[in-house]
There are 2 protein chains.
Amino acid sequence: MSVLIDQQSTQHQPLPVRLARRIDRLQPSPIREILKVIDQPEMISFAGGLPSSDSFPQLSVEGFDHQQLQYGATEGDLALRKYIAEDLGRRSLHVSADQVLILSGSQQGIDLVAKLMVEQGTRVAVESPSYLAALQVFSLFGAEYLSYTPDTITDLQRRSPALTYAIPTFQNPTGHCYSAAQRSQLAQVCDANGSVLFEDDPYRELCFGDCNRQPVCSLLERTSWIYQSSFSKVLAPGLRLGYLVCSPDLYPTLSWLKQAADLHSNRLSQHIVLQQLLEPGAVQRLQRVNQRYKIKRDAFALSLQQYFSDIACWQVPDGGLFFWLTLSTDKKIDTRQLLQQALQHNVAFMPGEPFFPAGSQSASCFRLNFSHATPEQADRGLCVLSQLIREVI
Amino acid sequence: MSVLIDQQSTQHQPLPVRLARRIDRLQPSPIREILKVIDQPEMISFAGGLPSSDSFPQLSVEGFDHQQLQYGATEGDLALRKYIAEDLGRRSLHVSADQVLILSGSQQGIDLVAKLMVEQGTRVAVESPSYLAALQVFSLFGAEYLSYTPDTITDLQRRSPALTYAIPTFQNPTGHCYSAAQRSQLAQVCDANGSVLFEDDPYRELCFGDCNRQPVCSLLERTSWIYQSSFSKVLAPGLRLGYLVCSPDLYPTLSWLKQAADLHSNRLSQHIVLQQLLEPGAVQRLQRVNQRYKIKRDAFALSLQQYFSDIACWQVPDGGLFFWLTLSTDKKIDTRQLLQQALQHNVAFMPGEPFFPAGSQSASCFRLNFSHATPEQADRGLCVLSQLIREVI
């Protein structure tokens, strides 16, 4: 048991609290402090994975049955689960509605899978870098990491993680989209080493190029798997709705864990999301969103070229929400310190360090979201940021 | 590591999955299977803690700023947190908005507190019986229970749980409301043995009598504490919204755990709930709800008297949603089996066994919700149930 004493902040001198040891491994995410400041009107934020506010649908509670304000089923509302199963079938992932579990956002899926599989010393294979809030959860439960990149997937063949976590499509933070060959490799490796594949796929709809986006889970032949996605990026994050599907052997346990976590997900959000998905103009709406994002991405790429071409390198992503920059310097730059300076100049971005699993080498990298700021704001913010970096280098 | 193989339910013969050991301790709650059947129109349900559907407010998304569909702060929207802090101040629990953490329903608070404090072997003091889904979560994380009743609180003085979980006001499942003396005792015991008090208070507004409902946390002088409540019972469960407040030493860690669990709670629900709380008629609305519940409770008590007076005993609760019946028989009745029979007769109730912590003696008890069914349905359902029980006895 670890002991936490914080004498300053309580009225009475508190007694020592016997916290669980896992709390020693708990790190706050930089997202949290940044989400607090992005509401400031003068802030130019490249930080969160924030969809553009002008992409949000018009809200309506029309057709919402008063009865749905009652408690609902842990698994989620059946009509939505059926829609999701059919939609995934069109993407080569053939599942029934019985395999769909509605989540209160896909972050919750990470929590449930960690509870299912991760305890002190559990080996979890993760991309390096990977989604920081997934690392946060796996570490909390005691994961030991085996790290890989899309180019070193086959190295996992000889190792035996219990769980392999991957974001094959427009990866967070790198924006990388796995090739068909990389997808096959990942599936084969998991089938061979027996690790459960946990595929996180929130960005697949935000696509501006011609990419293979087939779920890797659809290529598996033997091992168990969990696939999850989110409505935060294509509809609205504030509705906090996502889902997972999984091989049938894992479903009962995951649904019990969901029940223990929050009984069931928000029913009003489930209604609104299904209504939006069924709208005749839903496909066109998404196309318009992607057209706007592509324009933003292209403008962002131009500004990057102007201000960063001699101090950093990057790939232009074919989808998703992020550019991932690596500074071209031998000096190792702590981008968390850089963030503190940038915030003082009203520019927010996401430092690179928290994206690297413990034990993996972090370079001087950081993540820039291109979807939230206007092109004019982005240009201004990138100019400010590049000047700050030149001073540091 | 435990191994789960389920050969029947997957297409390919799956590889063995290395689950976390905690999954061995995971029990599904009977709530889950019962929630699946209560939507059937012919079912008379005394099972869930279901508020009456006619108590739900009219939904409106008026005044909802489109910007609020964006990601929000982990802690919750400030206006709602301020309202809650002021409201608690009027109940003698003096906190600032900085101590309020908005939850996706109060079940989530149990998950967060368990992550904070409970690991294999952690001693947790709980009432016997207690809320079954709290026991489910504490057990998942490895709790060992010290059980007590409102009459044996002082026994905890000589023991040293890390955490004490209590539902002092209209307890679930018993309906008991702690007296002023019992509240003082509980606070003194926690201050003396140094356990963190986790007070769960979802029913306090559903009050039909003259009861002391002062939060026990407001009586503490030394030990750390967490107090939580829910909007499920007074507004609508489908909105999945609750909150916790805690001593300042625990707040940062709990908010990180909240972030790791689901980033933040549904912003549309936060808007709707605050709008409802600020409505000029909110107090009158609640009074009307309570009048209706009181009428239902009284009718329920009459039906119980008619059908159960010679086979069970119970207390008429001054608030909350439940009657707790103990069968007057020497024979030990497994009320889970009784439930299966009752469901075949379209009557649902909550068996008593899952409310008792492991190692505590469970008698032939069961819980009946009186708020969901109409008085006519309730009378019919109780008649059926009493006949079934007579056959079993």
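**View 1. A proline loop in chain B, with a cis bond.** B:Pro129 sits in the loop between β5 (123-127) and α4 of chain B; helices here are DSSP runs of H or I with at least four residues, strands are runs of E with at least two, and both are numbered from the N terminus. The peptide bond that joins B:Ser128 to B:Pro129 is cis, with omega about 5°. This is a predicted model, where local features need pLDDT of at least 70, side-chain atom pairs count only at pLDDT 80 or more, and totals for chains, interfaces and linings use all residues. Residues are numbered from 1 along each chain as its sequence is written, while chains are lettered from A and ligands numbered from 1 in the order in which they are written.

**View 2. The β7-α5 loop, seen in chain B and in chain A.** In chain B, the loop between β7 (163-166) and α5 (180-193) holds B:Pro173. The peptide bond from B:Asn172 to B:Pro173 is cis too, with omega near 15°. Over in chain A, the loop between β7 (163-166) and α5 (180-193) holds A:Phe170. A:Phe170 isn't a glycine, yet its phi is positive, at about 55°.

**View 3. An open antiparallel sheet in chain A.** Four strands line up as β11-β12-β15-β14 of chain A, with antiparallel pairing; two strands count as paired if DSSP finds at least two bridges between them. The edges belong to β11 (312-313) and β14 (350-351) of chain A, each with a single partner strand, so one side of each has no neighbour in the sheet. Zoom in on β12 (residues 322-327) and β15 (residues 365-369) of chain A, and you'll find five bridges in the antiparallel sense. One bridge to pick out pairs A:Phe322 with A:Asn369 in β15(A).

**View 4. Helices α8 and α10 of chain B, side by side.** The axes of α8 (residues 282-308) and α10 (residues 375-392) of chain B come within 9 Å and cross at roughly 25°. The crossing of α8(B) past α10(B) is right-handed, meaning the near helix is turned clockwise from the far one by less than a right angle, with anticlockwise counting as left-handed. From α8(B), the contact uses B:Lys296, B:Ala299, B:Phe300, B:Ser303, B:Leu304, B:Tyr307 and B:Phe308. From α10(B) come B:Pro375, B:Ala378, B:Asp379, B:Leu382, B:Cys383 and B:Ser386. Residues are in contact if their C-beta atoms, placed from the backbone, lie within 7 Å. The class tally for α8(B) with α10(B) is nine nonpolar, two polar and two charged residues. (Ala, Val, Leu, Ile, Met, Phe, Trp, Tyr, Cys and Pro count as nonpolar, Asp, Glu, Lys and Arg as charged, and the others, Gly among them, as polar.)

**View 5. Helices α3 and α4 of chain A.** α3 (residues 106-117) and α4 (residues 132-140) of chain A pack at an angle of about 25°, with their axes 9 Å apart. α3(A) and α4(A) are therefore roughly parallel to each other, and α3(A) passes α4(A) in a right-handed crossing. A:Gln107, A:Ile110, A:Asp111 and A:Ala114 of α3(A) meet A:Ala133, A:Ala134, A:Val137 and A:Phe138 of α4(A). Sorted by class, this contact of α3(A) with α4(A) has six nonpolar, one polar and one charged residues.

**View 6. Where chain B touches chain A.** The contact brings together 79 residues of chain B and 78 residues of chain A. On the chain B side, the elements that each supply at least two residues are β2 (17-19), α1 (30-37), α3 (106-117), α4 (132-140), α6 (251-262) and α7 (267-278). That side of chain B divides into 36 nonpolar, 28 polar and 15 charged residues.

**View 7. A crossing between the chains: α6(A) over α3(B).** The axes of α6 (residues 251-262) of chain A and α3(B) come within 5 Å and cross at roughly 100°. α6(A) and α3(B) are therefore roughly perpendicular to each other. A:Ala260, A:Ala261 and A:Asp262 of α6(A) make the contact with B:Gln107, B:Gln108 and B:Asp111 of α3(B).

Note on methods. Axes are lines fitted to C-alpha atoms, for helices over the stretch in contact, and angles run from 0 to 180 degrees between N-to-C directions. Two residues are in contact if their C-beta atoms, placed from the backbone, lie within 7 Å. Angles under 35 degrees count as roughly parallel, over 145 as roughly antiparallel, 65 to 115 as roughly perpendicular and the rest as oblique.
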